[in-house]
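Student: Could you help me learn to read a pocket and a sheet?
Tutor: Gladly, let's look together.

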Amino acid sequence: MSGHGEAIVMVARRGGALSGVAEVPGDKSISHRALILGALSVGETRVTGLLEGQDVLDTAKAMRAFGAEVVRQGPGAWLVRGVGVGGLAEPSQVIDCGNSGTGARLIMGCMATSPITATFTGDASLRKRPMGRVTEPLALFGAEAYGRRGGRLPMTVVGAADPVPVRYTTPIPSAQVKSAVLLAGLNAPGETVVIEREPTRDHSERMLRGFGAEVSVEDVPEGRLIRLVGQPELRPQVVAVPRDPSSAAFPVCAALIVPDSDIFVPGISQNPTRNGLFTTLVEMGADIAFENPRTEGGEPVADLRVKFSALRGVEVPPARAASMIDEYPVLAAVAACAEGRTVMRGVRELRVKESDRIDAMARGLEACGVRVEEDEDTLIVHGMGPGGVPGGATCASHIDHRIAMAFLVLGLASRRPVTVDDGSPIATSFPAFEALMAGLGADIRRAMP
Ligand code: S3P
């Protein structure tokens, strides 16, 4: 199954140890937000280290359609000339967010309190994903949404001409929902309040503050309460995007399961709302040193030194899910190479990501000879120990970059090669994945047609 264009069949084989430096690209979540907030500021925002993956390029194109000037000046270096809060123009074409749920949901949020109408669509994966989770709170501001059955794209959002501020408790842990409400609150008068029961990634709150919005966060008995004062004048910023911990997860996990590996992964965010995978890996016995802790681009970062490790299965606490929600696929691959069971509970949100990630990992792992158990909210992987995974299967990526990369990582430590039916979605978040892994000595190749 391919998103747009040709499928790219890829094969990963067991080979020598991985070594060297893995400089992973800019953070995807922060890159989307830098473009969107730049577009909502008055003046020139300069971004360095922007992730130039297809998801973010689609957001750049969308913000142009809403009237902002978005210009690439060099590798990762972008200039955004914003139109100001309340200054978005009505797009004259359909907004195609490609594979990106973050792009679609955040952009819907930021236009929902302006008197304009926009129609959103995306690839076959995004068109299956639920948008009701954002259009429900956006309706409280006065916006209307007309989509396909089940709140699916394509969908037209009619922004509120006279928006009112909103107080909203998110029913699911979702940074996209929280961020859509906060972005909508920017153009509503008065104070918009979002309460989340469990903390999710807080890049929107951090960056809104950086752009000059009044945002306060407090812990209350119901959870984390975020207050935003509407109709600020956002000031343009210089944004240095830190490297993406969710992309770092792939070389890090590969080094842990390929014998004798030793790699260095500089500048990885240690933001507590994003670092659940590293906590889990350390509990599994991973040899990861967190060196030179510092702040970069407003985020706590560290350099990681990662060595091959004999891992044991663990129970991942459900409360940790939000801080590693995108890392479960690669954790499942690592768990297959550990001794004993790894239990991942409280993970039902994985079913509505770029693919149903519980199902995609379970079927692919089974095909590779690994025993798994699952229910609606749980994935359990029975580890086969270092060198124990048979492999020798073709796994479906389901238009999901992280599923594709997770199975390629598994193939590096399996007895027989692992094939992925379509690696083309990797370009949505990590276009340099193949080159970076090859630089570490990994044997990942495109299969000849
Ligand atoms: C993201 C939030 C998460 C995550 C996604 C990026 C964001 O989604 O899975 O890759 O940038 O806000 P949910 O908010 O749906 O959990």
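Student: From which domains does the lining of the largest pocket draw at least three residues each?
Tutor: This is a predicted model, where local features need pLDDT of at least 70, side-chain atom pairs count only at pLDDT 80 or more, and totals for chains, interfaces and linings use all residues. Residues are numbered from 1 along each chain as its sequence is written, and side-chain values use heavy atoms, leaving out hydrogens and water. A pocket is an open set of points on a 1 Å grid over the protein atoms alone, where a 1.4 Å probe fits, with protein on both sides within 12 Å along at least five of seven lines; lining residues have an atom within 4 Å of a point. Here, domain 1 (10–26 + 242–446) and domain 2 (28–222) each give at least three lining residues; such bounds come from an automatic or database domain assignment.

Student: How much space lies in the largest pocket?
Tutor: About 610 Å³, counted as the space filled by probe spheres set on grid points joined across faces, edges and corners. Of its 40 lining residues, Pro 173, Ser 174, Ile 325, Glu 349 and Lys 353 are the closest to the centre.

Student: Which helix gives the most to the lining?
Tutor: H1, with four residues. Helices (H or I, at least four residues) and strands (E, at least two) are DSSP runs, numbered from the N terminus.

Student: What is the order of the strands in the open sheet?
Tutor: Strands pair through backbone hydrogen bonds, either parallel or antiparallel. DSSP must find at least two bridges between two strands. In this case the order is S6-S7-S9-S8, with mixed pairing. S6 (95–96) and S8 (144–148) stand at the edges with a single partner strand each, so one side of each has no neighbour in the sheet. S6 pairs with S7 (residues 117–121) in the parallel sense over two bridges, and Asp 96 stands opposite Thr 121 in S7.
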